[in-house]
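Have the viewer open as you read.

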Amino acid sequence: MPAINLEGQTALVTGGTRGLGLAVALCLAEAGARVTVCGRTEPELLPSILSYVSADIRNPDAAREMVQSVAEANGRFDILVNNAGGSPPCPAEEASPRCIDAITKLNLLGPLYLAQAAYPHMARQKSGSIVNIASVSGIRPSPGTAVYGAAKAGLLNLTQSLAQEWGKDNIRVNAVIVGL
């Protein structure tokens, strides 16, 4: 029996089809939550206790539509785990505007779009939890991935700001800083 009981709650885990995101999604499901994972490409295999939706979180309309569809399908929206992210190695002096835009949208703007989409549901319920998966690159120098490090530093600031703004509505916003 899991130490946490999430029976009746609904969760969305971005980037939840593999790696850390999949592990988080499975833990939430084992605790009783109805869990939807998203990615840009549907995985060949996905445990039957998880639902899948295809979405590009860098697109604000797609993020909003995905959150809305999960909320409508489950009658509520309780947990958002902003796990999708990453970056190829990219020295700062070589980073093209297109590369900078893509990395920033995936690691900072996507989580913001999703949090904005989740907020009305959580505020109406007077409860919710948003967990942003950050990186040690956001708190220390990140040579070779400076744009990624800057986006993750922004995500940490966003987390603190939203926690203060939305705490009045009993919405918890936290970050988990992970590393290799």
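Which residues in α3 meet which residues in α4?

## The α3/α4 contact

On the α3 side the list is I100, I103, T104, N107, L108, P111, L112, A115, Q116 and Y119, and these meet V147, Y148, A151, K152, G154, L155, L158, L162 and W166 in α4. Contact here means heavy atoms within 4.5 Å. By type, the contact residues split into 14 nonpolar, 4 polar and 1 charged; Ala, Val, Leu, Ile, Met, Phe, Trp, Tyr, Cys and Pro go down as nonpolar, Asp, Glu, Lys and Arg as charged, and the others, Gly among them, as polar.

Before going on, some ground rules: this is a predicted model, so local features need pLDDT of at least 70 and side-chain atom pairs count only at pLDDT 80 or more, while totals for chains, interfaces and linings use all residues. Residues are numbered from 1 along each chain as its sequence is written, and side-chain values use heavy atoms, with hydrogens and water left out.

## Helix geometry

The axes of α3 (residues 97-125) and α4 (residues 146-166) come within 8 Å and cross at roughly 15 degrees. That makes α3 roughly parallel to α4, a label for angles under 35 degrees. Axes are lines fitted to C-alpha atoms, for helices over the stretch in contact, and angles run from 0 to 180 degrees between N-to-C directions. Helices (H or I, at least four residues) and strands (E, at least two) are DSSP runs, numbered from the N terminus.

α3 passes α4 in a right-handed crossing, meaning the near helix is turned clockwise from the far one by less than a right angle.

## The sheet

Six strands make an open sheet in the order β3-β2-β1-β4-β5-β6, with parallel pairing; two strands pair if DSSP finds at least two bridges between them. At the edges sit β3 (50-54) and β6 (171-178), each pairing on one side only. Ignoring direction, neighbouring strands are turned by 20 degrees against each other on average.

Helix α2 (residues 60-74) packs on this sheet, touching β1 (10-14), β2 (34-39) and β3, with its direction at about 155 degrees to that of β1. α4 lies across β5 and β6, at about 160 degrees to β5.

## I171 in β6

Strand β5 (residues 128-135) runs parallel to β6, joined to it by 8 bridges, and G128 stands opposite I171. Is I171 buried or exposed? I171 is buried because its relative accessible area is 2%, and the cut-off for buried is under 20% (exposed is over 50%, partly exposed in between; 1.4 Å probe, protein chains only).

Leaving out residues up to four places away in sequence, I171 touches Y119, M122, A123, S127, G128, I130 and W166. I130 is 41 residues away along the chain, with 7.5 Å between the two C-alpha atoms.

Notes
Angles under 35 degrees count as roughly parallel, over 145 as roughly antiparallel, 65 to 115 as roughly perpendicular and the rest as oblique.
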